[in-house]
Amino acid sequence: MAWNSSFRDNTADVLLTTISDYPNGDIVNSSGTGKSRTVDEVAREILTVPMCLREDGSQGFPPPDVALRGWLTSATDPNDQFAVAQRLHGFVYSLLTVTFNYLVVIESERHDIPTLPTLTDDDLKNLSQAERSEQARLVKTRQGKLAVAFHECMTAGQSFETPKSYRRTFFKEVIDGATEFARDTVQVPGLREQSLPGYQHRGERVTKAGIKLSRFVDPKGLLDSPKGPRHPLVILAFDESHILTDTPRGKSWTIFSELHRVLGRLVHLPIFTLFLTTAGKFHLSSPEIRSDPSRRVANRDLPLLHPVSEISFDDLAYPAMEDDIALSQVVQMDWIFHLGRPLFGSHYDALQKNRSEDEIMLFAKQKLLDGKSSLADVNGPGTLACLSVRFALESNLADGDARIVARRQIERHMRLCVAATTGFETLVTVAGSEPLLAEAACELMGGTEANPVRHLRGELVAALLVMRARDESSVTNKWVFVIDFMKALLPAPAYEILKDARPSHWRPGESKPFEETFSGYAMWFNHVIRIRDYDMINIRSLWKFITRGAMVMCANNQRGIDIVLPICNTSRKLSRHNVTAILIQVKNDKAFQHQIDKMLFDGMDPFRIGLFSNGDFPLPVIRMVFALASNQPGVLFPAVPERRNHVGRFTAYDIWCPGLSPETFKDIGGDLTSYQTLLQRSLQPHDVYDLKETKDQYLDEATRSARGSLRRRMEPLADTRDEHNYSHTETVPPA
């Protein structure tokens, strides 16, 4: 499991700097993205009390703390907010107290935890700056030792099914203490809790317990800062915390809102709380200021942190350096499992000798379909999830219904949340580049009579035509020869012409038949990556798309190209010297009919569009125009220039594909009506890498940059920045 492997990126460090100055924060993203693992890594440095509230029957790690979850959510009278407040005051008080007691025992039993020198207030005042820094270093070292020891006690020996006995005993004592605390409080019916002297008394007991725990870790507050980021001493981490927002139903308050109110008693202490969730209801744990009944989140002493969405992505990916790997390597399931979120690669690695590729594939299908292993409802959210991971579908989330759908896709169908603001005025989601999920979606869609075309718009119809040809020609291998792909894409009569066709433009000595030229060339893709920087189609970057099985979709018909299919020679390692492309321009305009427009092909000059640069030795390219609105179907090939001694900068084979018909594209007869329903493009660009959606006075530039880098990694190969090319940089640790 990833929990037993070394942590390979800076996500934990970024999280720590992000939450500084914020006593409460949410970590939000879909399943398997490393939320829990990141907090677990933080727990090796900062004292962290982990609480997993995952429901029975759901997949995931760490295992749920069943007794704690049951106590928090049971015996809640929806008409008695006071009683719930009592229980939660008792819970927080007991949690802090039991943690203190356990740490005292750990310190007495461990010989590697340093003893701090006793300092009076006068001693502290007389310390020089250097002496104060040294004392702070000792406190931090001691905190780290305590954190590691407590982490070992709370996590060692746990399995997918259950925590170890130490942790179960810990929470039993917490529950017993909370129950006793609530029993000692006398309820006065008919009065609002805030007006009761008992309420103030309970709050003071919680605050005192927090002070006691904080002073145990840092007796003189040497790690606290009067200005700038605060150093957390203790973190309370609620995993799968959305369960707290479900109870009670139909009321203006929930267990979460009452717990949030109680935690306000600790706002001036370096005790922080994190709520981790995947749920579509996570907006309830990140309320808008106007929606919180207590209005306490509007208080300047309880600053509001937008949900943290930055997670681990490609951290387990094998390094993919130029001239170092071959096509035969990147199509192996071991390679594919380790791309994207860490869930599948870590699960595969944990199986060791009993590894089963079929088991991981089934697991991926179940995660994609919220537990199911087959696509029963062809019009349901499962179909949308399958289409999303293959075609990188994006939605206009300005629409409220679309936001609901997006949140549900994050919760149950593995969609990634790149950025969100409190109240979700801003919500940016993407289908990450994860070839395993795309392969699972391919198998799921292939086993149903679903007609996915009606869900697609604009250039996505062309992408579907291309993807279907790939699927048809990849029966025995994930990668396919270019010749077999073209056979699957075009009608048989058209391919018979193509195989003997010569290029429209050619370099000296390269005027050869199509089949001879592309013999030994192959391609590997099962999903779409939308690029935002057109430089990514240059051969210096284009080879990288093959390493993750992706075709390229360009934004807004940049430079006259919509789709780029990278192809390579199978006999050589992947590099800029071994990659070329099938370039496709899509026209949904009736002005383009059953007649070749030479100007379009001229505009697809591979040097002019940036596929090649001056000085490159260009491999042959294939240029295609899909004139989908043409009334007359067919496949046309430009006449070969009569001057056989023609000398050009590049070699290109040109194909004009007018109309949507079996006479143009092979085997689409049954879907003809759906293919002919062409709508506007739906690409909704975003710019959240600079965290412009948040007006955060505490967010320093270093943290802003680090969080932006993690966001960029969720969209591999979208542009040329290093973060989008993470697995192709020398900084990636070896697997």
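**Questions on the fold**

Author: E240 has its place in the loop between β3 (234–239) and α9 (255–263). Helices (H or I, at least four residues) and strands (E, at least two) are DSSP runs, numbered from the N terminus. This is a predicted model, where local features need pLDDT of at least 70, side-chain atom pairs count only at pLDDT 80 or more, and totals for chains, interfaces and linings use all residues. Residues are numbered from 1 along each chain as its sequence is written, and side-chain values use heavy atoms, with hydrogens and water left out.

Reader: Is E240 buried or exposed?

Author: Buried means under 20% relative accessible area, exposed over 50%, partly exposed in between (1.4 Å probe, protein chains only). The relative accessible area of E240 is 14%, so E240 is buried.

Reader: Which residues does E240 touch, not counting residues up to four places away in sequence?

Author: Contact means heavy atoms within 4.5 Å. E240 and L276 are 36 residues apart in sequence, yet 5.5 Å apart in space, C-alpha to C-alpha. With residues up to four places away in sequence not counted, E240 touches L53, R54, L276 and T278.

Reader: Where does T11 lie, and which residues does T11 touch?

Author: T11 lies in helix α1 (residues 11–19). T11 has a relative accessible area of 2%, so T11 is buried. Not counting residues up to four places away in sequence, T11 touches T38, E310, I311, S312 and L710.

Reader: Are α4 and α7 oblique or roughly parallel to each other?

Author: Axes are lines fitted to C-alpha atoms, for helices over the stretch in contact, and angles run from 0 to 180 degrees between N-to-C directions. The axes of α4 (residues 81–109) and α7 (residues 165–183) come within 7 Å and cross at roughly 135°. Angles under 35 degrees count as roughly parallel, over 145 as roughly antiparallel, 65 to 115 as roughly perpendicular and the rest as oblique. Therefore α4 and α7 are oblique to each other.

Reader: How do the residues of the contact of α4 with α7 divide?

Author: Ala, Val, Leu, Ile, Met, Phe, Trp, Tyr, Cys and Pro count as nonpolar, Asp, Glu, Lys and Arg as charged, and the others, Gly among them, as polar. The contact includes F91 and L95 of α4 and F170 and V174 of α7. Its residues divide into 13 nonpolar, seven polar and two charged.

Reader: What is the angle between α13 and α16, and how does their contact divide?

Author: Helices α13 (residues 357–368) and α16 (residues 435–446) pack with their axes 9 Å apart, at an angle of about 80°. That makes α13 roughly perpendicular to α16. Residues I360, M361, A364, K365 and L368 in α13 meet L436, L437, E439, A440, A441, E443 and L444 in α16. The residues of this contact divide into nine nonpolar, no polar and three charged.

Reader: How many residues of α14 are buried?

Author: Among the buried residues of α14 are C386, R390 and F391. Just after α14, A392 takes a positive phi of about 55°. Helix α14 (residues 381–391) is largely enclosed by the rest of the structure, because its buried residues number nine of the eleven.
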